[in-house]
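I opened this notebook to record what I looked up, in the order I looked.

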Amino acid sequence: MSSTSHGEAGSNSGGFSEQERAAMRERAQELRNEAGRGRGGKAAADEADVLAKIGEMPEPDRSSAERVHAIVTSHAPDLAPKLWYGQPAYARKGKVVCFFRSGAADKERYSTFGFTPEARLDDDGGLWPTSYAVSELGDRAAETIAALVARAVG
């Protein structure tokens, strides 16, 4: 094993990258915002935050995130939209079940739609995917996401 850092190229001493630090700052701000909202109107404010974040995304991430939002809210209406590490997520009883990460925000060539352990996607074979690359969200991909979301909350 070499003595070089295991972080990103150019990182110092293996610490968090600037991108990771920015995501942590966003999450801390989200938690402060949630605490300050109280109970009344929280769901509407959280959804407005998600829609605003989606609106800030460049194409094609914006279109994909808008479609994911429509799929999740229609196929799993009990999941509440909220920001999670600065990105759209959908939670049950405050715990995130699934999320969308903008590829542009992560400086990646594709976006990601993923699930947390709160999703009920376990497979008897002992192996199942928990995130998916999204470069384009056509009808086939949208159907797959709808089925996965329904299974995750079922």
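Two strands pair if DSSP finds at least two bridges between them. I note that the model is predicted.

**Entry 1, strands.** I looked up β1 (residues 80–84) and β2 (residues 87–92), which pair in the antiparallel sense over five bridges. For W84 I found the bridge partner Q87 in β2. I then read the connection: β1 and β2 form a hairpin with two residues between them. Y85, in the turn, has a positive phi of about 55°.

I searched the whole structure and got three aromatic pairs. W84 and Y85 make one of them, edge-to-face, at 5.3 Å centre to centre and 65° between the planes. I checked accessibility for both: W84 is partly exposed at 22%, and Y85 is partly exposed at 35%. F113 and F115 also pair edge-to-face, with 5.2 Å centre to centre and 85° between the planes. Are these two buried or exposed? F113 is buried, with a relative accessible area of 0%; F115 counts as buried because its value is 6% and the cut-off is under 20%. I also noted that ring pairs link W84, Y85 and F99 into a cluster.

I looked up the largest pocket and got a volume of about 180 Å³. I sorted the lining by type: four residues are nonpolar, three polar and five charged.

Key
Residues numbered from 1 in each chain as written. Predicted model: local features only at pLDDT ≥ 70, side-chain atom pairs only at ≥ 80, totals over all residues. Heavy atoms only, no water. 1 Å grid on protein atoms, 1.4 Å probe; cavity = no way out; pocket = protein on both sides within 12 Å on 5 of 7 lines; lining within 4 Å. Points joined across faces, edges and corners; volume = space filled by probe spheres on them. Nonpolar A, V, L, I, M, F, W, Y, C, P; charged D, E, K, R; others polar. Helix = DSSP H or I, 4+ residues; strand = E, 2+ residues; numbered from the N terminus. Phe/Tyr/Trp six-rings, centres within 6.5 Å; stacked < 30°, edge-to-face > 60°. Buried < 20%, exposed > 50% of the residue type's maximum accessible area, 1.4 Å probe, protein only.
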